[in-house]
Amino acid sequence: MTTESKPLSIAVLLGTVRHERMGIRAARLVVKSLEARGHEAVLVDPMKTPLPLLDRMYKEYDAGTAPELLETLATLYRRVDGFLIISAEYNHGIPPAMKNLLDHFLEEYFWRPSGIVCYSQGPFGGVRAAMALRATLAELGMPSVPSLCPIPHIATALDEGGKPADPRTQKSLDRFLSEFFWYARALKRERDQGTPY
């Protein structure tokens, strides 16, 4: 089995806790698309894994004393090959649930790529939040790949199960994922040979 054909393990981070959230539709689309290509997709949903507002980062706990939820996420993050970020846009910025989810960890992200799937109810698909996310993701050690996958008008673009109304949405996601996989495999090869620190 070549490196290109080996399955990857991807954490899909959803950044919304709103009760009538549309982001779960995008997350379902991404998870299904990853699994259709034979990869492992692990959805991290802050409604199902609620983290408190950040008080102490995972790394600030003595070994073995972190809350179980943080330990579980840290273990997941250390083993995955990359992160796909599913983000809305709140007031042209990063949703607070996403920022809180991200900020609990640091070294666990290192040397792995991220990809941004952004969405909005309007025509821009959340790209303004994506620009703010790029800086945050780079600072956390998981820089985002060059392309984005914006989903405008999400309420009509995807049904509740994540199925696109327009086949161009899936085509756009597939192209974006191909790029993301290239970076994930490249960084995996380098991690396997060691990291600078």
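Start by selecting helix H1, residues 23-36, in this predicted model. H1 lies across E1, E2, E3, E4 and E5. Compare its direction with E1: the angle is about 175 degrees.

Next, select H4. This helix packs on the sheet and touches E3, E4 and E5. Its direction makes about 155 degrees with that of E5.

In what order do the five strands stand? Read across the open sheet: E2-E1-E3-E4-E5. The pairing is parallel. Go to the edges, where you find E2 (40-44) and E5 (144-151). Each has a single partner strand, so one side of each has no neighbour in the sheet. From one strand to the next, the twist averages 20 degrees.

Zoom in on E4 and E5. Five bridges join them in the parallel sense. Pick Val 117, then find its bridge partner in E5, Cys 149.

Turn to the side chains. In soluble globular proteins, nonpolar side chains tend to be buried together. Here the largest nonpolar core has 31 residues. Select Leu 13, Tyr 77, Phe 83 and Leu 102, the residues with the most contacts inside this core. Elements giving two or more residues to the core include strand E1 (9-14), helix H2 (68-79) and helix H3 (96-103). Which element gives the most? H2 does, with five residues.

Stay with Leu 102. Leaving out residues up to four places away in sequence, Leu 102 touches Leu 13, Ile 85, Tyr 109, Leu 133, Thr 136, Leu 137, Leu 140 and Met 142.

Last stop: a second, separate core of 30 residues. Select Leu 8, Ala 88, Val 145 and Leu 158, which are among its members.

Terms used
Residues are numbered from 1 along each chain as its sequence is written. This is a predicted model: local features need pLDDT of at least 70, side-chain atom pairs count only at pLDDT 80 or more; totals for chains, interfaces and linings use all residues. Side-chain values use heavy atoms; hydrogens and water are left out. A nonpolar core is a set of buried Ala, Val, Leu, Ile, Met, Phe, Trp, Tyr and Cys residues joined through side-chain atoms within 4.5 Å. Buried means under 20% relative accessible area, exposed over 50%, partly exposed in between (1.4 Å probe, protein chains only). Helices (H or I, at least four residues) and strands (E, at least two) are DSSP runs, numbered from the N terminus. Contact means heavy atoms within 4.5 Å. Two strands pair if DSSP finds at least two bridges between them. Axes are lines fitted to C-alpha atoms, for helices over the stretch in contact, and angles run from 0 to 180 degrees between N-to-C directions.
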